[in-house]
Amino acid sequence: MAAAYTEKEIDEIAAWLKEGLSASRIAGRFSALRGSPVSRNAIIGIVHRNAGLRAIGFANPKGGRAAAGRGNMHGRTGRAGGAGWRLEVSRSPSRQRFPGMPN
């Protein structure tokens, strides 16, 4: 069963995100607002599924915002196997390659 959130509740979450509160702190305030317990993971899910909240995002510990699509410190943006990454898989344990050992 999916929980329904009112426009007022979504606006409150947006305001707390803009203040830079963590998901745990938002969950505490949201629980008080709703009158029933709401977990940190529920808040993360609400933000993830709502485009407006996702655009605001959570503040990261260094003071900035967590942004989708930003590369890591090496400039890579994909997952393993994507451009810039090399994933080697051997099907047979006897044919595995180990660094520094002859093949």
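Which residues are exposed on the other side of H1? They are Glu7, Lys8, Lys18 and Glu19, where exposed means over 50% relative accessible area, buried under 20%, and partly exposed in between, with a 1.4 Å probe and protein chains only.

The structure is a predicted model, in which local features need pLDDT of at least 70 and side-chain atom pairs count only at pLDDT 80 or more, while totals for chains, interfaces and linings use all residues. Residues are numbered from 1 along each chain as its sequence is written, and side-chain values use heavy atoms, with hydrogens and water left out. The chain averages a pLDDT of 78, and 57% of its residues score at least 70, pLDDT being the predictor's confidence in each residue, from 0 to 100. Where pLDDT is low, the predicted coordinates should not be read in detail. Within the chain, confidence is lowest in H4, at a mean of 94, and highest in H3, at 96.

The chain holds 4 helices and 0 strands, and from the N terminus on its elements run α-α-α-α; helices (H or I, at least four residues) and strands (E, at least two) are DSSP runs, numbered from the N terminus. Of the 103 residues in the chain, 20% are buried. The accessible surface comes to about 8,200 Å², and 52% of this surface belongs to carbon and sulfur atoms, with areas taken from the Shrake-Rupley method with a 1.4 Å probe and, for residues, only the protein chains shown counting as cover. Among contacts between residues at least 6 apart in sequence, 37% join residues at least 24 apart, a contact being heavy atoms within 4.5 Å.

Helix H1 has 13 residues and reaches 18 Å from its first C-alpha to its last, close to the 18 Å expected at 1.5 Å a residue, where the expected span is 1.5 Å times one less than the number of residues. Its buried residues are Glu9, Ile10, Ile13, Ala14, Trp16 and Leu17. They cover an arc of only 165° around the axis, which puts them on the same side of H1; the arc is that of the directions from the helix axis to the C-beta atoms. An α-helix has 3.6 residues a turn, so residues three or four places apart point the same way. What covers the buried residues of H1 includes H2, helix H3 (40-49) and helix H4 (51-56). After H1 comes Gly20, whose phi is positive, near 90°.

Helix H2 has 12 residues and spans 16 Å from its first C-alpha to its last, close to the 16 Å expected at 1.5 Å a residue. In H2, the residues Ala23, Ile26, Ala27, Phe30 and Ser31 are buried. Seen down the axis of H2, these buried residues fall within an arc of 135°, so they line one face of the helix, whereas Arg25 and Ala32 are exposed on the other side. The cover over the buried residues of H2 includes H1 and H3. Just after H2, Gly35 takes a positive phi of about 80°.

Ser31, in helix H2 (residues 23-34), counts as buried at 17% relative accessibility, and, leaving aside its neighbours within four places in sequence, Ser31 is in contact with Ser36, Pro37 and Val38. Phe30 is buried, with a relative accessible area of 0%. A search of the whole structure finds 1 aromatic pair, a term for rings of Phe, Tyr and Trp (its six-membered ring) whose centres lie within 6.5 Å, with planes under 30 degrees apart counted as stacked, over 60 as edge-to-face and the rest as tilted. The rings of Tyr5 and Phe30 have their centres 6.0 Å apart and their planes at 50°, so the pair is tilted. Tyr5 lies in the segment before helix H1 (7-19) and Phe30 in helix H2, so the pair ties together parts that are 25 residues apart in sequence. Tyr5 itself is partly exposed, with a relative accessible area of 30%.

Helix H3 has Ile43, Gly45, Ile46 and Val47 as its buried residues, and these pack against H1, H2 and H4. Ile44, which also lies in H3, is partly exposed, with a relative accessible area of 31%. Not counting residues up to four places away in sequence, Ile44 touches Ala23 and Phe58. The C-alpha atoms of Ile44 and Phe58, which are 14 residues apart along the chain, are separated by 9.0 Å.
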